[in-house]
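Please brief me on this structure. Keep it short and group the points by topic.

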Amino acid sequence: MRILKCTINGKPVQVGYDPRESLLDTLRNRLHLTSVKRGCEVGECGACTVLIDGVATDSCLYLTDWAQGTTILTCEGLQAADGSLNPVQQAFVDDFAVQCGFCIPGIIMSAVEIVGTGKTYTRDELRKMLSGHLCRCTGYQNIVGAVEDVVEEINGTGACSEEARAAFAAVAQKARLVAEE
Amino acid sequence: MYDIESLYEATSVADACRALAEDPQAMVIAGGTDVLVKVRSGKFAGAHLVSIHGLHDELDGVELAPDGTVEIGPITWFHHVTTSPVARERVLTLAEACDTPGGPQLRVSGTIGGNVCNAATSADTASTLVAYGALLDLQSVRGTRTVPITEWYTGPGRCVRERDEVLVKIRIPRENYEGFTGHYFKYGKRRALEIATMGCCCLVKLADDRRTIDDIRLAFGVAAPTPIRTRGAEDAVRGMDVAEAAEKVGELALAECHPRDSWRASKEFREQLIREMSRRSLLEAARKGGAEV
Ligand SMILES: Cc1cc2nc3c(=O)[nH]c(=O)nc-3n(C[C@H](O)[C@H](O)[C@H](O)COP(=O)(O)OP(=O)(O)OC[C@H]3O[C@@H](n4cnc5c(N)ncnc54)[C@H](O)[C@@H]3O)c2cc1C
Ligand code: FES
Ligand code: FES
């Protein structure tokens, strides 16, 4: 047994782990962060995506041993203290982007990374940025639409509500996201 | 849970070499995107792993040496090769090739050194590194040695690296990239999360008239059991006009390739890909160099 010390969803965490564990195993089985989905477990589907030091990573191909001292964000860290949804989550609801939902937490984490760059993108660019995720239900159109909308809402030139921007900024700080220059 | 027998986090390259020498079953793990998949499948069950994942100071990043050599640390993520200002300025075709493996998450776990050491003929950086004539620096408890990439591959998934040797640097000398423009063409059935059915890299250096091929490098992945360079085709089209070279290069290259049938594609289809991709890659490389074709 080794001890992992890191920051998860804004809180310092210490947890015992077996060196054979993937980060996916540790997050789900020891910390009960079950938004992190166990899909293919070989890096093909993106269902297990979390942010590690602000970078969207497949946690199934990442050894827990490597997570010492890192800052990790999962979907559980997105809601505000009062339970209200983050603007990224809200966009998925508003755009009817979710069917069975299995792929969604992973895609939301990639979307958080994308919004965190502070830039806007074309639909084609977004499709490429989301291409590490498989969804068996939706046909992707509404998912790409939701990401397009929230990127535009937070990073675009139009008016954005102060609450939405503040809610996203709070998460960006938790995740150590750094906007690109 | 992975079926791993032991996992040791090396504290330096020297420490990794020592750990690899001490345990005759130990193997290197960098990003783990090949190793862990093979552990999962049972092929590497019970693996003894020496991790170089954290050796950022010694093994991570792209730098320019004073003599113009581009020096790439082996644990540099694909994504960081793609975004590296040095790589983009000097070896742009490699930066672009590094944007093609897997999907975005894979490109922030998979490393360029892992791609070279895994030695698959389908590796997306292989043909481009062959075209750029990369030099590979290895280190072990016995010392250091340098292997030119053309002498690296010995068979499918095999290379001259000994089990206990660590790839510590990938070097591209200035004369191998200066004046060249290039194109990496990956053919697969999907645009993401797809292993190449065929990969082709062409680098060209045009004469001052922007029409004549002064020099050319043409390399392939999946056209043979290992990545290859088609030197006969290079020699034949050197000195030709770009348009004429484009017409001839496909057949010339095919004569030096040995594509195989696999579940991904038939031999015949691969032959068609070799002809067509040589032509298109040459044209695209020449266009980037200012040719109007
Ligand atoms: C979902 C998925 C999709 C993929 N798609 C592609 C693709 O499209 N194109 C492609 O080319 N590859 C692809 N790959 C394969 C893989 O990601 C690459 O080969 C990657 O470059 C491996 O790097 P790594 O650091 O993860 O290697 P590891 O798995 O850590 O190691 C790979 C091999 O190299 C050895 N090794 C690694 N680093 C060193 C070193 N510095 N010194 C000595 N030995 C070393 C290891 O011992 C092992 O034998 C894919 C993999 C997955 C899981
Ligand atoms: S479960 Fe990790 S990528 Fe599929
Ligand atoms: S909503 Fe079911 S897999 Fe995407």
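Just after helix 1 of chain A, A:His32 takes a positive phi of about 55 degrees. This is a predicted model. The points below start with chain A, then turn to ligand 1 and to chain B.

**Helix 1 of chain A**
- Helix 1 of chain A covers residues 23-30, and A:Leu23, A:Leu24, A:Asp25, A:Thr26 and A:Leu27 are buried there.
- Four strands of chain A are among the elements that cover these buried residues: strand 1 (2-8), strand 2 (11-17), strand 3 (49-52) and strand 5 (71-73).

**Other positive phi values in chain A**
- A:Phe96 has a phi near 50 degrees, which is positive although the residue is not glycine.
- The loop between helix 2 (87-94) and helix 3 (104-116) of chain A holds A:Phe96.
- A:Phe96 has a relative accessible area of 69%, so it is exposed, the cut-off being over 50%.
- A:Arg176 is not a glycine either, yet its phi is positive, at about 55 degrees.
- A:Arg176 sits in the segment after helix 6 of chain A.
- The relative accessibility of A:Arg176 is 46%, so this residue counts as partly exposed.

**A:Ala169 in helix 6 of chain A**
- A:Ala169 belongs to helix 6 of chain A, which spans residues 162-175.
- With 43% relative accessibility, A:Ala169 counts as partly exposed.
- A:Ala169 and A:Gly116 are 53 residues apart in sequence, and their C-alpha atoms are 8.5 Å apart in space.

**The site of ligand 1**
- Why is the site of ligand 1 shared between chains? It is shared because residues from chains A and B surround ligand 1.
- The shell holds 35 residues, and the closest to ligand 1 are B:Val28, B:Thr33, B:Asp34, B:Thr111 and B:Asp124.
- By class, 18 residues of the shell are nonpolar, ten are polar and seven are charged.
- A polar backbone atom of B:Ala30 is 2.7 Å from an oxygen atom of ligand 1.
- A nitrogen atom of ligand 1 lies 2.8 Å from a backbone N or O atom of B:Leu167.
- For B:Glu194, a polar backbone atom is 3.2 Å from an oxygen atom of ligand 1.
- Ligand 1 exposes 970 Å² when taken alone, and the protein buries 95% of that.
- Four elements of chain B give two or more residues to the shell: strand 2 (26-29), helix 2 (35-41), helix 7 (112-118) and strand 10 (166-172).
- Helix 7 of chain B gives the most, with four residues.

**The largest nonpolar core**
- This core has 40 residues, and B:Ile72, B:Leu94, B:Leu129, B:Trp152, B:Ile170 and B:Ile172 touch the most other members.
- Among the chain B elements that give two or more residues to this core are strand 5 (70-72), helix 4 (78-83), helix 6 (92-97) and strand 12 (198-206).
- Helix 7, strand 6 and strand 10 of chain B are also among these elements.
- Helix 8 of chain B gives the largest share, four residues.

**B:Ser140 in strand 6 of chain B**
- Strand 6 of chain B runs over residues 135-140 and includes B:Ser140.
- Is B:Ser140 buried or exposed? Its relative accessibility is 7%, so B:Ser140 counts as buried, the cut-off being under 20%.
- B:Ser140 is in contact with B:Cys17, B:Asp164 and B:Glu165, leaving aside its neighbours within four places in sequence.

Terms used: Residues are numbered from 1 along each chain as its sequence is written. Chains are lettered from A and ligands numbered from 1 in the order in which they are written. This is a predicted model: local features need pLDDT of at least 70, side-chain atom pairs count only at pLDDT 80 or more; totals for chains, interfaces and linings use all residues. Side-chain values use heavy atoms; hydrogens and water are left out. A residue is near a molecule or strand if one of its heavy atoms lies within 4 Å of it. A polar contact is a pair of N or O atoms within 3.5 Å; within protein, one must be able to donate a hydrogen and the other to accept it, and residues adjacent in sequence count only if both atoms are side-chain atoms. Accessible areas come from the Shrake-Rupley method with a 1.4 Å probe; for residues, only the protein chains shown count as cover. Ala, Val, Leu, Ile, Met, Phe, Trp, Tyr, Cys and Pro count as nonpolar, Asp, Glu, Lys and Arg as charged, and the others, Gly among them, as polar. Buried means under 20% relative accessible area, exposed over 50%, partly exposed in between (1.4 Å probe, protein chains only). Contact means heavy atoms within 4.5 Å. A nonpolar core is a set of buried Ala, Val, Leu, Ile, Met, Phe, Trp, Tyr and Cys residues joined through side-chain atoms within 4.5 Å.
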